[in-house]
Amino acid sequence: MLDCLVAAFAMNSKHAYWRRIAACYVTAIRNTPLLVLILFSYFVLPRFGIRIGKIESFVLTLSIYAGAYLTEVFRGALLALPGGLREAGLAIGLTEWQTKVWIIIPIMLRNAFPALGNNFISLFKDTSLAAAIAVPELTFYARQINVNTFRVIETWLVASLMYVAACYIIAAGLRLLERRLAIPH
Amino acid sequence: MFEQGDFPYELWVSRWAILQGLGTTVLVSALAIVLGTILGTFVGLVLVYGRWVSRFLVRIYVDFVRGTPVFVLVLASFYLLSQIGIQLTAFQAGLLALVIFCSTHVGENLRGALLSLPRGQTEAAKAIGLTFPQIFAYVLAPQALRQALPAWVNTATEMVKASTLLSVIGVLELLLVTKQIISRNFMSLEFYFLAGLIYFLIDYAIERAGKAVERRVALPS
């Protein structure tokens, strides 16, 4: 998922060329349904001789999909930084790269945190789509139990409660982390 | 070039199926957006102005639905409703799930937009003697709608993408039609790419239209 950081910098880079490529990636992925992407990589990649399991193919697709969304988050966070930061970094004798790694990225990550958390939760919910290519995860089993036992109400209630609980835990954990990482004042 | 087994030929053979699937996709998405927005407006209003009991209940509804994947919602409404005696077709069950999903998102957007308005706006409106409905209609709503517009456009594109999930419960929309065509001729690359491209074009058009409306209604600065 590091591709999104690279892409975010590319979006703001001086070279129009890189900016164009990153923008194409983000626009194309964000406007295509995830299910289509999942099926595409599951059924089409083997035709080019790339043989990977369904879990790997799903993880690959989800990280490409997530990358596009996170790029937007990071781009917004980068734009919110004042230009003086980079200049200050350069002024105390850091190189361009050192400025990026030690000054820009830590501050940007803090700014991006709330939006990042939202995206992580959506990603967690998107894993339910793996059931469509028969990856054995919660939704897949819920469906199986539903078909086997006809305990329809219990199955779906429990499955959705588990998702809700997991989302709450993720949100709480991220909020805790955000508070830990905040700059004290 | 134009014989059986070539892409142009296969495309031509399946043109009506694809168009029909596209029609269903557009119909489902449009209905989900419209109905979801209407329901979502009520959700948003209750979340901001409701009494605490109704606010609490709606809060639970919103959090529960937002915490559940759309896919699970679609499956649950498909399997659950028939169990408790409500007979819906796959199309209706899927549409219901999408509408519920859409309403919570629109509701949250609207709540965020209404709460982001400074209190001074309401107070100023009260000071010049407007009643609450007047304050809402002439002061709060126009500003809140401007704020909520980008997020609403985002939700609309989400709904088009979420409509693909209906293929799993057997609604014959674009993705399911594509799958059927592929199982006939095994041209997975071409037809999945085509489906992706069509979805991209729909969503891109919505995004562009949203940007255009945003510019039109923006306050002159």
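This is a predicted model: local features need pLDDT of at least 70, side-chain atom pairs count only at pLDDT 80 or more; totals for chains, interfaces and linings use all residues.

Reader: What percentage of chain A is buried?

Author: Buried residues are 28% of the 185 in chain A. As for contacts in chain A with a separation of 6 or more, 63% of them come from residues 24 or more positions apart.

Reader: OK, switching to the interface. How many residues of chain A and chain B are in contact?

Author: 30 residues of chain A are in contact with 27 residues of chain B.

Reader: Which elements of chain B give two or more residues to that side?

Author: On chain B, those are helix 3 (52-67), helix 4 (70-83), helix 7 (132-162) and helix 9 (188-217). Helix 9 of chain B gives the most to the side that touches chain A, with ten residues.

Reader: What's the make-up by class on the side of chain B that touches chain A?

Author: That side of chain B has 17 nonpolar residues, seven polar and three charged.

Reader: Since you brought up helix 9 of chain B, is B:Leu194 there buried, exposed or partly exposed?

Author: B:Leu194 does sit in helix 9 of chain B. It counts as partly exposed, because it has 18 C-beta neighbours inside 10 Å and buried would take 20 or more.

Reader: How far apart are the C-alpha atoms of B:Leu194 and B:Leu88?

Author: They are separated by 31 Å, and the two residues are 106 residues apart along the chain.

Reader: New topic: helix 2 of chain B. What span should its 35 residues have?

Author: Helix 2 of chain B (residues 15-49) should span 51 Å at 1.5 Å a residue, and its end C-alpha atoms are 50 Å apart, so the two agree.

Reader: Which residues of helix 2 of chain B are buried, and what do they pack against?

Author: Among the buried ones are B:Gly21, B:Thr25, B:Val28, B:Ser29, B:Ala32, B:Gly36, B:Gly40 and B:Leu47. The buried residues of helix 2 pack against helix 3, helix 5 (90-116), helix 7 and helix 8 (174-185) of chain B.

Reader: Why might residues three or four places apart point the same way?

Author: Because an α-helix has 3.6 residues a turn.

Definitions and conventions: Residues are numbered from 1 along each chain as its sequence is written. Chains are lettered from A and ligands numbered from 1 in the order in which they are written. A residue is buried if 20 or more other C-beta atoms lie within 10 Å of its own, exposed if 12 or fewer, and partly exposed in between; C-beta atoms are placed from the backbone. Two residues are in contact if their C-beta atoms, placed from the backbone, lie within 7 Å. Helices (H or I, at least four residues) and strands (E, at least two) are DSSP runs, numbered from the N terminus. Ala, Val, Leu, Ile, Met, Phe, Trp, Tyr, Cys and Pro count as nonpolar, Asp, Glu, Lys and Arg as charged, and the others, Gly among them, as polar. The expected span of a helix is 1.5 Å times one less than its number of residues.
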